[in-house]
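Q: I have a model on my screen and want to learn to read it. Can you take me through it feature by feature?

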Amino acid sequence: MPNILESLYHGSLFPNEDIISKDPNYRPLNSQITESLEAWKQKLSASEFEELESLLELYSQVQGMDMTAAFVSGFKAGAMTMIEVLIE
C-alpha cells in the first residue's frame, strides 16, 4: 500500500469517496429521500421530474463545494495545530 504522499502525488487519494456517515439516522433518511423521489416521479410529468432532478443536481454540486471547503478548512486547522504543537 503506497504512503499518503505517494497517493496524493499520483492522484489516487479520494477521501470524499470513503466518507459514510455513522449517524444512525443516515440510512433511514436516505430511504425517505428515495421514497419521496419515487412519489414525485409518479406525481409529475416526465419533463417536470427532469426539472426537479436538475434542481437536485445543482443542490448536490453546491453541497459538494461546501464539503470541499469544510475538508480544506479542517485540514488546515489540523496542520496549524500540528505546527503549533511542534514549535512549542
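The dialogue below goes from the overall fold to single residues.

Q: What kind of model is this, and how are residues numbered?
A: This is a predicted model: local features need pLDDT of at least 70, side-chain atom pairs count only at pLDDT 80 or more, and totals for chains, interfaces and linings use all residues. Residues are numbered from 1 along each chain as its sequence is written, and side-chain values use heavy atoms, with hydrogens and water left out.

Q: How many helices and strands does the protein have?
A: Helices (H or I, at least four residues) and strands (E, at least two) are DSSP runs, numbered from the N terminus. Here there are four helices and zero strands. The order from the N terminus is α-α-α-α. Helix α1 covers residues 4-10. Helix α3 covers residues 26-43. Helix α4 covers residues 46-87.

Q: How does the radius of gyration of the protein compare with that of a compact globule?
A: The radius is taken over C-alpha atoms, and the globule rule is 2.2 Å times the number of residues to the power 0.38. For 88 residues, a compact globule would come out near 12 Å, but the protein has 19 Å. Along the principal axes, the C-alpha trace spans about 60 × 30 × 25 Å.

Q: Which C-alpha separations can I check on screen?
A: Met80 and Ser7 are 73 residues apart in sequence and 22 Å apart in space. Leu52 and Ser7 are 45 residues apart in sequence, with 38 Å between their C-alpha atoms. Ala46 and Glu17 are 29 residues apart along the chain and separated by 31 Å, C-alpha to C-alpha.

Q: How much of the protein counts as buried?
A: Buried means under 20% relative accessible area, exposed over 50%, and partly exposed in between (1.4 Å probe, protein chains only). Of the 88 residues, 2% count as buried. Accessible areas come from the Shrake-Rupley method with a 1.4 Å probe; for residues, only the protein chains shown count as cover. The protein exposes about 8,200 Å², and carbon and sulfur atoms supply 62% of it.

Q: Is Leu52 exposed, partly exposed or buried?
A: Leu52 sits in helix α4. Leu52 is partly exposed because its relative accessible area is 22%. Met80 is also in helix α4, and Met80 counts as exposed because its relative accessibility is 59%. Ala46, in helix α4, is exposed at 58%. Arg27 belongs to helix α3 and is exposed at 60%.

Q: Which residues make the nonpolar surface patch?
A: Like charges are joined within 9 Å, nonpolar side chains (Val, Leu, Ile, Met, Phe, Trp, Tyr) within 5 Å. Ile4, Leu5, Leu8 and Leu13 make a nonpolar patch of about 420 Å². Leu8 lies in helix α1 and is exposed at 53%.

Q: Where does negative charge gather on the surface?
A: Lys and Arg count as positive and Asp and Glu as negative; His and the chain ends are not counted. The place of a charge is taken as NZ of Lys, CZ of Arg, CG of Asp or CD of Glu. Glu48, Glu50, Glu51 and Glu53 form a patch of negative charge. Glu51 is in helix α4 and is exposed at 56%. Overall, the protein has 5 positive and 14 negative side chains, and the centres of the two sets lie 6 Å apart.

Notes: Patch = residues over 30% accessible without salt bridge, like charges linked within 9 Å, V, L, I, M, F, W, Y side chains within 5 Å. Salt bridge = Lys/Arg side-chain N within 4 Å of Asp/Glu carboxyl O.
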